[in-house]
Amino acid sequence: METSAPSTDPAPGVQLAALAAWRATSPRVMILGRRLQELQRDSRAALGLATDCPIVLTGHQAGIWHAGILAKWLLADVLAARADGSAVQLVVDHDVNDAGVIAYPGVQDARLLTAFLPAVPGRREGPTGLQPPIRVGPAEIAAVPEVAQGLEQIREAMQRHATAPSLAAQTSGAIDSLLDGLVRPMSTIMATRLLATPIGATLLAAMRADPPRCIDAYNAAIAADPHVARPLAPDELPLWSLTAGSHVRRRVRVGDRDGMVAPRALLMTALARLGLCDLFIHGTGGGRYERITEAWIRAWLGVELAPMSVATVTMRIPLQDYLASGTIVTHADLRRVRFDPDSATDSGPSEQKRALLQAINAAPRGSAERRDSYRRMHAHLDQRRASRAEEFARLSRAFVDGRANAASVAVAASRAWPFPLHSKQRLQTLRDSIARL
């Protein structure tokens, strides 16, 4: 199936009801001696966000992401419109993902392969918000015709924002251009700015004032699902230290004060759901760790977070016509023909080889008879290989073809291609299907 039906959990109607309930109860909530409603208003204003309407927020790492991520943006836009609110996107600009790597399905020697647009400078380590923007060159390996137009649109969008202050800002600007016609314009916030807001400063002060309370609640929440994240050390806070000019993230200890500080994953979404939005849209992976975030904040601060939902879809580019058909030859098939040319199956030695092996085993170890039996076996194998040389060459070619075909199948099956590589018609169909949910 090229495209699965988009899924949300819970259904949009339930999400909107949860949003309304959150907005009705949040004015009465106190957090660390302050009204949450005031912290929300001041934090939104600090980031230039609307303060007089509901906000539906979603986000992801910097980069040109795939259609499964696009589903979050589409749903956020649809729900914000239904709630007479605003949709906002959060860019995780302190992450260390490969934001400048733009992959596409290429074709070479009539086979599919994964190709990449050339970029200068090349891949660099460290947070995307501290990396310079890149210059993206034209494709060096031909793209399949189905994606050529979308690939050029990606390249043009990246070039249009090549003077952005960082790689994260560049890809975010490119995403805005590429989303034109699919969603209404969205405000963008960078994750590295969250701790400078009133809600960020409040939580930062609370964890520094009583580190054990924050750390113990964090580790207790993670214990319920230890695969989500590792526990904090007794003197470790859920923060990253980022130094200008450096591409290394450092864990923050209780006594640390230097460098730019950014929230790690659980704290980042806690800040967003406490101080910035009325509904948060996650993908399937984030939906799992977000339950841990809720348990941590509940135990540490005694408050609930804004409601959260999950949205995703699987879309594949139709590339079946590039897949070759034919018999697949395995490495085991080649070994069988090489080392037992009389065998037609892999169920065991052929009758001829079994007899030769038995003659070797029957002769005394170290004897001339045993050596002669060994030589007779290899002479027989050499003779039989020579008689099947043409067949072996054919199977070897089929084996190489089969490996290439297997790689082509993986390329065709991928759901991770950048969303602009899908046709505008298919993307609009996805948009319409989410709007009907």
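The largest pocket of this predicted model has a volume of about 610 Å³. A pocket here is an open set of points on a 1 Å grid over the protein atoms alone, with protein on both sides within 12 Å along at least five of seven lines, and lining residues have an atom within 4 Å of a point. Grid points are joined across faces, edges and corners, and the volume is the space filled by probe spheres set on them, with a probe of 1.4 Å. Local features rest on pLDDT of at least 70 and side-chain atom pairs on pLDDT 80 or more, while totals for chains, interfaces and linings use all residues. Residues are numbered from 1 along each chain as its sequence is written, and side-chain values use heavy atoms, leaving out hydrogens and water.

The lining of the largest pocket comprises 34 residues, and D95, A265, M268, H282 and Y289 lie nearest the centre. At least two lining residues come from each of β4 (55-61), α3 (67-82), β5 (86-92), β12 (249-253), α8 (265-275), β14 (279-282), α9 (284-301) and β15 (308-312). These elements are DSSP runs numbered from the N terminus, helices being H or I of at least four residues and strands E of at least two. By class, the lining holds 14 nonpolar, 13 polar and seven charged residues. Ala, Val, Leu, Ile, Met, Phe, Trp, Tyr, Cys and Pro count as nonpolar, Asp, Glu, Lys and Arg as charged, and the others, Gly among them, as polar.

The second largest pocket has a volume of about 330 Å³. It is lined by 19 residues, with I64, W65, H66, V101 and A416 closest to its centre. Eleven of the lining residues of the second largest pocket are nonpolar, seven are polar and one is charged.

On β14, H282 is the bridge partner of V310, and β14 and β15 pair in the parallel sense over three bridges. A further three bridges join β4 to β14, again parallel, and T58 stands opposite I281. Contact means heavy atoms within 4.5 Å.

Strand β15 is largely enclosed by the rest of the structure, because five of its five residues are buried (under 20% relative accessible area, 1.4 Å probe, protein chains only). M308, V310 and T312 point one way from β15, whereas S309 and A311 point the other way. In a regular strand the side chains alternate between the two faces of the sheet.

Elsewhere, V136 lies in strand β9 (residues 135-136) and counts as buried because its relative accessibility is 3%. Not counting residues up to four places away in sequence, V136 touches I102, L117, P118, R155, M158 and Q159.

Methods
Buried means under 20% relative accessible area, exposed over 50%, partly exposed in between (1.4 Å probe, protein chains only). Two strands pair if DSSP finds at least two bridges between them.
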